[in-house]
Amino acid sequence: QAQVVESGGGLVQEGGSLRLSCHAPRMITSVFNPKTINWYRQAPGKQRELVASITSGRATTYADAVKGRFTISRDNSRKKAYLEMSSLKPDDTAIYYCNLNDRVTDYWGQGTQVTVSS
């Protein structure tokens, strides 16, 4: 069962923008409020890294490499979270994963590929 599904990845030129979406279609809307929603990325030859987080209280954190360029948000009524990315660089090329933590369980998506061409 796919608890988390990412979408919105693709090929973009350096300096371009993308918006990634994270959807939890099987979760119950009335109780959807994960403690933390995270976006991770995995680039070839590198460890998976945390790029952005947003808590149930809407506090956000960002990796230094993406500060000022990426914005994380969430919409509990739609059971969705987003990662808006701008001024994209080739170093942003990676598979991006959405992770939801609800206190009891971590849920992971399958990832969506972002490729930034120079």
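Strands are DSSP runs of type E with at least two residues, numbered from the N terminus. The legends below describe a predicted model.

**View 1. Ser21 and its surroundings.** Ser21 belongs to strand 3, which covers residues 18–23. Its relative accessibility is 14%, and Ser21 is buried because the cut-off for that class is under 20%. Apart from neighbours within four places in sequence, Ser21 contacts Val5, Glu6, Ser7, Trp39, Ala81 and Tyr82.

**View 2. The aromatic pair of Tyr40 and Trp108.** One aromatic pair is present in the structure. The ring centres of Tyr40 and Trp108 are 5.0 Å apart and the ring planes meet at 45°, so the pair is classed as tilted. Tyr40 is in strand 4 (residues 36–42) and Trp108 is in strand 10 (residues 106–108), so the pair ties together parts 68 residues apart in sequence. Trp108 has a relative accessible area of 38% and is partly exposed.

**View 3. Arg48 over the ring of Tyr97.** Arg48 lies over the face of Tyr97. The distance to the ring centre is 3.9 Å.

**View 4. Ser87, a residue with positive phi.** Ser87 is not a glycine, yet its phi is positive, at about 50°. The loop between strand 8 (80–85) and strand 9 (94–101) contains Ser87. With a relative accessibility of 40%, Ser87 is partly exposed.

**View 5. Arg103, a residue with positive phi.** Arg103 is a residue other than glycine with a positive phi, near 95°. Arg103 sits in the loop between strand 9 and strand 10. Its relative accessible area is 68%, and Arg103 is exposed.

Note on methods: Residues are numbered from 1 along each chain as its sequence is written. This is a predicted model: local features need pLDDT of at least 70, side-chain atom pairs count only at pLDDT 80 or more; totals for chains, interfaces and linings use all residues. Side-chain values use heavy atoms; hydrogens and water are left out. Rings of Phe, Tyr and Trp (its six-membered ring) pair if their centres lie within 6.5 Å; planes under 30 degrees apart count as stacked, over 60 as edge-to-face and the rest as tilted. Helices (H or I, at least four residues) and strands (E, at least two) are DSSP runs, numbered from the N terminus. Buried means under 20% relative accessible area, exposed over 50%, partly exposed in between (1.4 Å probe, protein chains only). A charge sits over a ring if NZ of Lys or CZ of Arg is within 6 Å of the ring centre and within 35 degrees of the ring normal. Contact means heavy atoms within 4.5 Å.
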